[in-house]
Every structure is written in C-alpha cells, then in structure tokens.
Amino acid sequence: MCGIVGYVGPRNATPILLAGLKRLEYRGYDSAGVALLNGAGVHVTKRPGKIHVLKEALDQAPSAATCGIAHTRWATHGAPNQPNAHPHTSKDGDIALVHNGIIENAAVIREQLRKEGFPFTSETDTEVVVHLIDFLWEDGEPMEDAVAAALRQVEGAYGIAVVSSRDPNKIVVARNGSPLLIGVGQDGEMLAGSDAAAVIESTRDVVYLDDGDYAVLTPDGYRTYHLHGEEVQRGVHEVTWDLDAIEKGGYEHFMLKEIFEQPSSLADVMRGRLLGEEGDARLGGILAHQFDLGRIQRIVITACGTSWHAGLVGEYMLEELAQVPVSVEYASEFRYRNPVLEDDTLTLAISQSGETADTLAALKESQRRGLKTMGIVNAVGSTIARQTDFGIYLHAGPEIGVASTKAFTSQLVALALFTLFMGRRREMSAVEGHEIVQHLEVLPGQVEEVLKLNDEIRDLAAQYKDAHNFLYLGRGYQFPVALEGALKLKEVSYIHAEGYPAAEMKHGPIALIDENMPVVALAPRDPIFSKVVSNIEEVKARQGRILAIVSDDAPELQGKVDHMIKVPQTLPHLLPVLTTVPLQLLAYHIAVMRGCDVDQPRNLAKSVTVE
C-alpha cells in the first residue's frame, strides 16, 4: 500500500522523487521521506504527514544528489510518526531502505540482531531488513549480494529499494508479493516505482518485476536476477495512458473527476468488444480459451471491497443469463478455510489494481489445486493480470481517488460482457444477446444523463450531511448496489452506513429506523419493484426519511418517499451501473460538505498489498 520511487541518473534526484511521491500519495499518506546520495554519505529527510510537509523540509535544507529513493507510507507496524517513517537506515547511516509490505519473521530477526549489537529506533518491521543487510554485507562485495542474502532470510511480503554510500550511484530493488517496477529512461536515467504513476513523467518504458526478483539499477542500465542468484530477463512494456490521466483536469478532486469520466470509461471497456449482428461479445483475452470455458461447471469469484460487490452483481448475471453456478468469496477468507473446489471450477479474480494481496493469495491457492484462473483487472501488466490463465482488461484508465468509482462500474460492464460471452456459448439465443448488446451500446449515454443530476444530488447532500447513520436497501441486482453505496459513504464521509437486502430489514435493522434515520431505497423498475415498494412502506410507517432511486416516475411511490432521484431505464442486470452513480455523487458531496479529504480518506489506501 505504501508508495516507493527511486531515481539514478544525471539530473537532480530530489524534484523527480518528490514528483513521483506526489503521484503515489494515493497509496499512503501517513508520512513520507527521501534518502539522497549527495557525495557526502546518505542524507535522509522524513516527516510525518503528507508529502507537502516533506517538501517544505527539503526546501529549507536542499541537498543536490543524482541518486535517491523515496517513500510515502500507509502504516502497518508502528504509528505514523517520524521514527517510523521511511527510509530506515543502518546504524552508521550508510545504508538506506524503503519498504512496502510486511516482514512476518521480523521479531525473530530483530532479537538476533539485537544480540549482535544493532540498535533499533522504530517500531517497524522494515528496520530489521536494513540492519540485516548491514550485518551480512561483506567487505568488497556489491550491495546487491548483501541485499539478496538478507532477503533469503526474510519471510513475508516486500517491495524494497536500497541505496548505500558504500556502493554509490546504484539502487537495488526487489519484490515478493508487493508490486515494484523499473522505469527505463533515456540518457543514463533509471527509475523505480510501486506503479507506473511514479515514473510516467520521465518514461513510458517499464519493466515489471516478478515475485522473487531483484534488480540492480545504475546509469548504465538495469540487470534483473532471481533471488537465488541467476540472471533473468524481464521484458520492457510501454505505458499507454497519458500523464493527463493522473491529473485533476480542472476538477476539485480526483473522485469527482473519475465519477464524471464514467461515460468514457464504460465506452472504453466495450470498445471493439460488442458484436451487434451476432448478439455476442468479442473478448480477445479469453477467446483462445473457449474450450476450457466450455468445460466449466462452476465459477468462484474472489475479490475484496468494492470489487467484491461487483462480483455479487456478476454472480446474479452469470447464474440468470448464462446458467452457470457461481459463488462469491471474500479473498481474505478464501484460503484460510478448506473450500470445495471441483476440477471443473473456474476461479475469477477481480481487482482494480491487479495487486490486491488477499486476492492474489486466493488466486495462488486455486492454482495450487490445479484450477483454471481468470482475472478482471484495470492495471495492465499487474501481477494478477500476469498470474491468471486469461482475463479481461478494463481499460478504464488510472483511478487515483482511493474510493473506487469508475473502476466499479467498469467491472460491472466487463462482467456483463463475460456473461454475454458465456451465455451465447450455452443456451442464450441470438435474439437475447442482440438485446443485451443494444442496451450496452447506449449505457454510456445513459450515465451522462445521470450525471446531469449532480446539482440536484448536491442539494440533497446539504440536507443529509449531518446524519449520523444511513441505511441502504436493495433487492436482487440492487442489493450489491446498496452495499456499495453504503461503503462509499463510509469511506469518504466517515458516516456509519449499512447496506442490507430490503426484505431482511424486518429481521433486525428495522429497530434502528426513526425520524432521524435516512434510508436510501434502490427502487428501479425491475421484476421485484413491487416488493421493494412494500419495504419502503414499512420504513415510512416508522417515520424513516426515504431517498428513493427510481427508473421511471414511480407513481406507486408518490407521497411515500421524501426524495426521488430518477435514472434511465435499462435491462435489470445493467441497472446497477446507473443506480450506482447517484450514490457516488451523494457520498462525494456529503463528504466535501463535512470537510473530509475525499481523495485520501483517513486510514485508507488505494492498493491493499498487505494482508
């Protein structure tokens, strides 16, 4: 979850490192720091708080250097304070290290090193690694040998970058379970980063490290090795998105920008993939695996957070339209029990970043059992994309706001495409497939219509911003939307909210409803609309304040709800795309009115790369 950036080359490293950190701040913003090789040793500056605090400190005491590493932290071990901030240094200060991940045997190593006289000044697991490198570094050997020797004793997940005045003008990087890539620049420049956002200003050419890799970066280029010593080749990939994609583009926040990007991001998911005449989907990433998919009798979807909610919608789609049994698993729980996984089961991993540690672990467990695996991810070249047998890229562009918006709706559309693909190879008729294609084609324009409600929703937010609790209710395809709407409000506004199946309200949550309880009822015109109307009646009878999301004039609800937001009508399994958008806007505006940092909510980070 933390962000790492490194630079070695002819230019002044400090502004390059700070720019990279700023683009990685969505990965963590508890503290930040840099280590610079300035010709007089390793110069470390670190501060608790956001990156602007670090920049102010560096401006007061500038240090010219052409090699350095930097870090922005999301705290795991130890509070977000200055001693726990990265980089961490060896006892003599001549080695500096930054780290993303968790070292599981840190306590054992720490005790061993204490006996050898190594001092510890932080609560972090990271500090043990830099002292272990120091302990194992033999006179005259290159830094990478000591780093590799240390990592062979380490258990857990890590992405690290190391510099030292003992072996200057060099950065050693390594990964195991935490993402790290190399940026291949021109004119003697090499960079490293947790993701491409860290290096895109300097280069579009990146090298993705695999688990168990380490690499040596110098102005002469890079070399990659496996941890056991043999040199390996990792290819160069081109980043295809522009720098503008990770700028705010005139919007006040990334979250608002990404909400308003959804018409184009949904169009990008579908571009070149809809076959109108055939009533089918062209999915190049899975087309060569039709035989394997034809043998599939069950799908297990594994994901976390917002992606898990998308998986629930996918479950309903695939079972109803493709007639495939589906179960949706929290990735964080999946591998810690003993799930029944038949040989003809497909594991489908959903992750925006493609680096989510729990989802990746669930994927590996499925592969250990010999199952076929598929991914739906946004980040090209990510670990899950490379680990799975086949999959679908979202092509939604970078998502910087911590609370996922456009990635969620893009996942829903990708799942609809996959459902169409599977259904047409089973019992779905061409007529039914053609109808789905027609509704998918107009979906981006319908989202544009929903976004025109922004001012109306902002006015509603002003009425509800001081509420202490919210209840979100939905049935069928709208139940996962209720979960997602509640999650968005919690994430960015810090208001307690719960999503519930509307019919289950009577089995407990109804006790909470009074005149102070706002209830968001998802009530588009679908096959179970009348049932939702009955549930709304139950809320109204207890003086709940009801905000209904509908897809027509809903005369059945006139006089029974306090507010009504109308979205366009579409097929039931596509309605979640449209009903989600007002909930994103509601959460956003409430959070802004409460003075919350919507792009960097407290305690959260964008890519959860630790368990």
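1. The crossing of α15 and α19 is right-handed; a crossing is called right-handed if the near helix is turned clockwise from the far one by less than a right angle, and left-handed if anticlockwise. Helix α15 covers residues 430-451, and its axis lies 10 Å from that of α19, at an angle of about 30°. The two helices are therefore roughly parallel to each other, a label for angles under 35 degrees; over 145 counts as roughly antiparallel, 65 to 115 as roughly perpendicular and the rest as oblique. Axes here are lines fitted to C-alpha atoms, for helices over the stretch in contact, and angles run from 0 to 180 degrees between N-to-C directions. Helices (H or I, at least four residues) and strands (E, at least two) are DSSP runs, numbered from the N terminus.

2. This is a predicted model, in which local features need pLDDT of at least 70 and side-chain atom pairs count only at pLDDT 80 or more, while totals for chains, interfaces and linings use all residues. Residues are numbered from 1 along each chain as its sequence is written, and side-chain values use heavy atoms, with hydrogens and water left out.

3. The chain averages a pLDDT (the predictor's confidence in each residue, from 0 to 100) of 92, and 99% of the residues score at least 70.

4. Helices α3 (residues 106-115) and α4 (residues 126-136) have axes that come within 10 Å and cross at roughly 45°. That makes α3 oblique to α4. The crossing is left-handed.

5. The largest pocket has a volume of about 920 Å³. On a 1 Å grid over the protein atoms alone, a pocket is an open set of points where a 1.4 Å probe fits, with protein on both sides within 12 Å along at least five of seven lines; lining residues have an atom within 4 Å of a point. Grid points are joined across faces, edges and corners, and the volume is the space filled by probe spheres set on the points.

6. Of the 44 residues lining this pocket, Trp241, Asn378, Ala379, Gly397 and Pro398 lie nearest its centre. Helix α7 gives the largest share, three residues.

7. Two backbone details deserve a check. A cis peptide bond joins His86 and Pro87, with omega about 5°; Pro87 is in the loop between β4 (67-73) and β5 (88-89). Gln323, which is not a glycine, has a positive phi of about 60°, and is found in the loop between α10 (305-321) and β19 (326-330).
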